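Reader: I would like to learn how to read a fold from its coordinates. Please take one feature at a time.

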Amino acid sequence: MSDEHRSGGDEALRYCLAKRDRRKQTVFPIPKKPTGNRSTKGLFDNAPVAAFAGAFLGCLTTLGLSALGIVPCVASALATALLCGQLLVTQTAGLFAGAFFPALYGGTFGGMTPVVWLGDGAPGHSEMLTGLLFISLSVVCGLAFFAVAKLDIRSAAPFGSGYGGRLGAIATVASFLFVELVGPLGDVGRFNEIRASTSGVESWAAPLGFFACLGGILGTMFALRQRRVAAAGVATRIFIASVVALIGLLTLHLGNPDDAPTLEAFYAGCFLGMSTPKRLRGRFQPLFGALVLTAMLVPVRALLSGVGGGLGLAAFVSAALLVALSRATAKMRQVADT
């Protein structure tokens with residue numbers, strides 16, 4: 001083949017390729033929207049902002065469900081399951097930073113605070129005032145989780161990482177501050193009445209509470225430590241934990257609708273069961289954890305009744321005590337071996 005034919009063939013090939021490229025650009029134009037999408041995703045990828053949004057949404061949803069007459073524990077688990085489930089089904093969970101989903105669950109604990117009581121006792125009570133209280137508590141919870149997310153980013157090892165009930169401890173601080181700040185506007189006496197009524201413990205309540213705590217611990221541990229669940233994303237794990245809690249709570253509530261202490265004990269056990277295997281392991285630690293948690297719920301009910309997140313705080317303290325005891329026992333064994 002002559003050079004003239006080759007050059008002609010090359011020119012024809014280049015012409016065809018150029019024509020194909022122009023056709024592709026015409027059929028598949030480059031959209032201008034990705035710039036906006038990237039900025040939106042960048043906002044969702046910001047852990048503190050995502051934590052604020054998650055806690056705000058979880059708290060507000062739980063308050064709304066509770067206002068409809070749903071038991072606070074059930075409302076908390078239901079809100080988490082619905083919100084996380086919707087994001088998973090629509091495959092939009094990946095748009096949010098991982099901090100969004102734990103904060104969402106933690107926000108629902110803050111939403112267990114009976115804000116309606118404050119609205120009922122306030123002068124000039126109205127639905128608008130109740131709505132304002134709902135939004136105010138949600139904002140406070142959001143700010144609390146925003147601050148913690150900020151601290152976690154700056155810390156090499158976030159405080160309380162791996163301890164079940166950490167989210168509830170954060171929600172307790174936020175709820176307590178809110179009640180103390182807004183209390184003068186409403187009827188804080190109702191909180192004190194509840195605390196007085198729960199200060200005593202029935203003789204039959206302790207064994208029942210222990211088994212409820214143990215059921216929550218074992219059920220959550222079993223679900224979250226399955227290989228596929230353990231390897232899944234944080235959104236899936238939070239969803240699974242809330243579904244396990246919701247199933248148990250609904251079962252107990254249908255069996256005895258008036259037994260709120262048993263519901264609370266089971267839910268607190270679910271929080272403790274969310275501890276990592278490094279913090280809660282073996283056969284006897286869950287048993288001992290249920291015993292410690294049952295005892296911890298007594299002062300929590302007496303001092304923090306009506307404050308959302310108290311059940312998680314009890315689980316957090318119980319997990320910390322278990323870890324401290326485990327470390328002390330390990331040191332004693334080392335000393336004995338030497």
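Author: Start with contact, which means heavy atoms within 4.5 Å. Among contacts in this protein between residues at least 6 apart in sequence, 81% join residues at least 24 apart. This is a predicted model, in which local features need pLDDT of at least 70 and side-chain atom pairs count only at pLDDT 80 or more, while totals for chains, interfaces and linings use all residues. Residues are numbered from 1 along each chain as its sequence is written, and side-chain values use heavy atoms, with hydrogens and water left out.

Reader: How many helices and strands are there in the protein?

Author: Helices (H or I, at least four residues) and strands (E, at least two) are DSSP runs, numbered from the N terminus. The protein has 15 helices and zero strands.

Reader: What percentage of the residues count as buried?

Author: Buried means under 20% relative accessible area, exposed means over 50%, and partly exposed lies in between (1.4 Å probe, protein chains only). By that rule, 41% of the 338 residues are buried.

Reader: What span is expected for helix 4, and what does the model give?

Author: The expected span of a helix is 1.5 Å times one less than its number of residues. Helix 4 has 18 residues, and 26 Å is expected; from its first C-alpha to its last it reaches 25 Å, which is close. For helix 7 (residues 127-154), the 28 residues should span 40 Å, and the end C-alpha atoms are 41 Å apart, in agreement.

Reader: Which residues of helix 4 are buried, and what do they pack against?

Author: The buried residues of helix 4 include Cys73, Val74, Ala77, Thr80, Cys84 and Leu87. Packed against the buried residues of this helix are helix 3 (47-67), helix 5, helix 12 (234-255), helix 13 (260-273) and helix 15 (310-337). Take Thr80, found in helix 4. Its relative accessible area is 0%, so Thr80 is buried. Not counting residues up to four places away in sequence, Thr80 touches Gly85, Tyr105, Thr108, Ile238 and Ser242.

Reader: Where is Gln91, and is Gln91 buried or exposed?

Author: Gln91 sits in the loop between helix 4 (72-89) and helix 5 (100-110). Gln91 counts as exposed because its relative accessibility is 73%. Although Gln91 is not a glycine, it has a positive phi of about 55°.

Reader: At what angle do helix 3 and helix 4 cross?

Author: Axes are lines fitted to C-alpha atoms, for helices over the stretch in contact, and angles run from 0 to 180 degrees between N-to-C directions. The axes of helix 3 and helix 4 come within 9 Å and cross at roughly 130°. Angles under 35 degrees count as roughly parallel, over 145 as roughly antiparallel, 65 to 115 as roughly perpendicular and the rest as oblique. Helix 3 and helix 4 are therefore oblique to each other.

Reader: Which residues make that contact?

Author: From helix 3 come Leu57, Gly58, Thr61, Thr62, Leu65 and Ser66, and from helix 4 Pro72, Ala75, Ser76, Leu78, Ala79 and Leu83. For classes, Ala, Val, Leu, Ile, Met, Phe, Trp, Tyr, Cys and Pro count as nonpolar, Asp, Glu, Lys and Arg as charged, and the others, Gly among them, as polar. The contact of helix 3 with helix 4 has seven nonpolar, five polar and no charged residues.

Reader: What is Ser66 in contact with?

Author: Ser66 lies in helix 3 and counts as partly exposed, at 22% relative accessibility. Leaving aside neighbours within four places in sequence, Ser66 is in contact with Pro72, Ala75 and Gly111. The C-alpha atoms of Ser66 and Met112 are separated by 7.6 Å, with the two residues 46 apart along the chain.

Reader: How do helix 5 and helix 7 cross, and which residues make the contact?

Author: Their axes come within 10 Å and cross at roughly 140°, and the two helices are therefore oblique to each other. Ala103, Gly106, Gly107 and Gly110 of helix 5 meet Leu137, Cys141 and Phe145 of helix 7. By class, that contact has four nonpolar, three polar and no charged residues. Leu137, Cys141 and Phe145 are among the buried residues of helix 7.
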